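Please read this short report with the model open beside it.

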Amino acid sequence: MESQHVMEQIIDWRNIRDDFPILRRQVHGKPLTYLDSAASAQKPQMVIDAVSDAYSQHYSNVHRGIHQLSEEATDRFEATRAKIAHFINAPSADEIVLTQGATMSLNIIAHSYGGLVLKEGDEVLISIADHHANIVPWQMICKQTGATLKAAPVEPDGHIDMDKISDMVTDKTRIIAMPHVSNVLGTVYDIKALSELAHAHDAVMVVDGCQGAVHMPVDVQALGCDFYVFSAHKLYGPSGIGMMWGRKELLVDMPPFIGGGSMIDRVTIEQSTYADPPERFEAGTPPIAEAIGFAAAIDYVDAIGMDQIRNHEHDLITYAHQKLSAIDGVRLIGTAPGKSGVISFVMDCAHPHDISTIVDRAGVAIRAGHHCAQPLHDYLDLPATARASVGIYNTRQDFDILAEALEKVKVIFA
Ligand code: C6P
């Protein structure tokens, strides 16, 4: 406890900004205020250097070439797997599948695991606040298998009523798939309770951790879930790479989703046998330098500490809520207690696209639209929302600048 307190004192969050070269640039002649990390986070120099070093010193294809460079690239690639396993406290690095990102991970789970277990009349339960990446793959596999897709509600403030979810789980539920954190509402789902609920009905719990693993420590064993996925690019790592963790006893029975090189055991023209997990799910040449950058990103956040990141961002979200809700005509969307990462809002006077265009002129990057969560926006009866989201480099001052820019929006549209 004592040492954590000392650690907390030595982090000057303003200095963190110096690690991110892009934060030194200007936008429309104004210093960049980057509040769009939920879409994709900026990269620290350490990650940029790791990717550059991979290409300039250690690059080759992995697994196939028996030569020095290939061994170096393979060692670094495989080290990422072990690093991710440690980062989320997975029991084994063999349970970590490196994918192109969370979307691919969820498609693998839906098509491979869903395709294996779902049959006519079975049910898959998601929530109304899910990202399209955790909706569309389930729609596709439910259509193929004759299973039914159901969506649990969220409450008006964005919180999840576990009783209502429990009421929707039946003996036909085979899979519950929900986000760790909503990318629009910021609601933190109670994954432990959801996992217990799933297991009580012999179902599995799939967690879309895209907005979770970037904001808080994740321990998949403590959460009790069966699958957990996220993308590296939201964790200050490269785009084009992500991960899928699955419990070994589930992975070993799952068929491959994509066929090709690297995922086979033996191929004849008539048939093929497949490699064990994780390679079974990693067909083709993987994103090699990106995997090395992913490991550097984990080293970077680990050195700061996910607990400290959670505390820092909690302070920012609390401050941002006070600041934005004090502006007349601003309505916050998603105010569940303990929320994380994002602040979505609408204004009486302007459409979210106009809001983002005007604040961009002040150097402030936010996102506007449906944020790949159209069912949630339909449910809330909103065509779109504006969304500011936080990363480790943000400070309270960023929200002062946003609030000032929103006052300008009011002047322009009044
Ligand atoms: N959300 C956002 O602005 P990919 O694109 O595969 O890296 O991640 C998909 C995804 C899945 N689940 C959640 C909860 C997400 O937030 C995202 C990505 C971005 O909110 C881009 S749409």
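## Ground rules

Two strands pair if DSSP finds at least two bridges between them. Helices (H or I, at least four residues) and strands (E, at least two) are DSSP runs, numbered from the N terminus. This is a predicted model, in which local features need pLDDT of at least 70 and side-chain atom pairs count only at pLDDT 80 or more, while totals for chains, interfaces and linings use all residues. Residues are numbered from 1 along each chain as its sequence is written, and side-chain values use heavy atoms, with hydrogens and water left out.

## The four-strand sheet

Strand β16 and strand β17 (residues 385-389) pair in the antiparallel sense over three bridges. Within this region, Gly-369 stands opposite Thr-385 in β17. Both strands belong to an open sheet of four, ordered β13-β14-β17-β16, with antiparallel pairing. Which strands stand at the edges? They are β13 and β16 (367-369). Each has a single partner strand, so one side of each is left without a neighbour in the sheet. Neighbouring strands are turned by 30° against each other on average, direction ignored.

Two helices lie across this sheet. Helix α13 (residues 352-361) lies across β14 (342-347), β16 and β17, and runs at about 160° to β16. Helix α15 (residues 396-413) lies across β14 and β17, at about 15° to β14. Axes here are lines fitted to C-alpha atoms, for helices over the stretch in contact, and angles run from 0 to 180 degrees between N-to-C directions. Contact means heavy atoms within 4.5 Å.

## The seven-strand sheet

Another open sheet has seven strands, in the order β4-β10-β9-β8-β7-β5-β6, with mixed pairing. Its edges are β4 (96-99) and β6 (148-152). Each edge strand has a single partner, so one side of each is left without a neighbour in the sheet. The twist averages 20° from one strand to the next.

Inside the sheet, β8 (residues 204-208) and β9 (residues 227-231) run parallel and are joined by three bridges. Val-207 stands opposite Tyr-228 in β9. Helix α5 (residues 102-117) packs on the sheet and touches β4, β7 (173-179), β8, β9 and β10 (242-246). The direction of α5 makes about 155° with that of β9. Helix α6 (residues 136-145) also packs on the sheet, touching β5 (123-127), β6, β7 and β8. The direction of α6 makes about 145° with that of β6.

## Helix against helix

The axes of helix α3 (residues 45-57) and helix α11 (residues 288-304) come within 8 Å and cross at roughly 150°. That makes α3 roughly antiparallel to α11. The cut-offs: angles under 35 degrees count as roughly parallel, over 145 as roughly antiparallel, 65 to 115 as roughly perpendicular and the rest as oblique. Residues making the contact include Met-46, Val-47 and Ala-50 of α3, and Ala-289, Glu-290 and Ile-292 of α11.

Helix α4 (residues 68-87) also packs with α11. Their angle is about 40°, with the axes 9 Å apart. That makes α4 oblique to α11. Among the residues in contact are Arg-76, Phe-77 and Thr-80 of α4, and Ile-288, Ala-291 and Phe-294 of α11.

Is Met-254 buried or exposed? Met-254 counts as buried, because its relative accessibility is 1%. (Buried means under 20% relative accessible area, exposed over 50%, partly exposed in between, with a 1.4 Å probe and protein chains only.) Met-254 sits in the loop between α10 (248-251) and β11 (264-267). Leaving aside neighbours within four places in sequence, its contacts include Ile-108, Ser-112, Tyr-113 and Phe-227. Met-254 and Ala-110 are 144 residues apart along the chain, yet their C-alpha atoms are separated by 11 Å.

His-377 lies in helix α14 (residues 374-379). At 1% relative accessibility, His-377 is buried too. Beyond neighbours within four places in sequence, His-377 is in contact with residues including Val-184, Gly-369 and Thr-385. Ile-327 is in the loop between α12 (306-325) and β13 (330-333). Ile-327 is buried, with a relative accessible area of 4%. Not counting residues up to four places away in sequence, Ile-327 touches Ala-403, Leu-406, Glu-407 and Lys-410.
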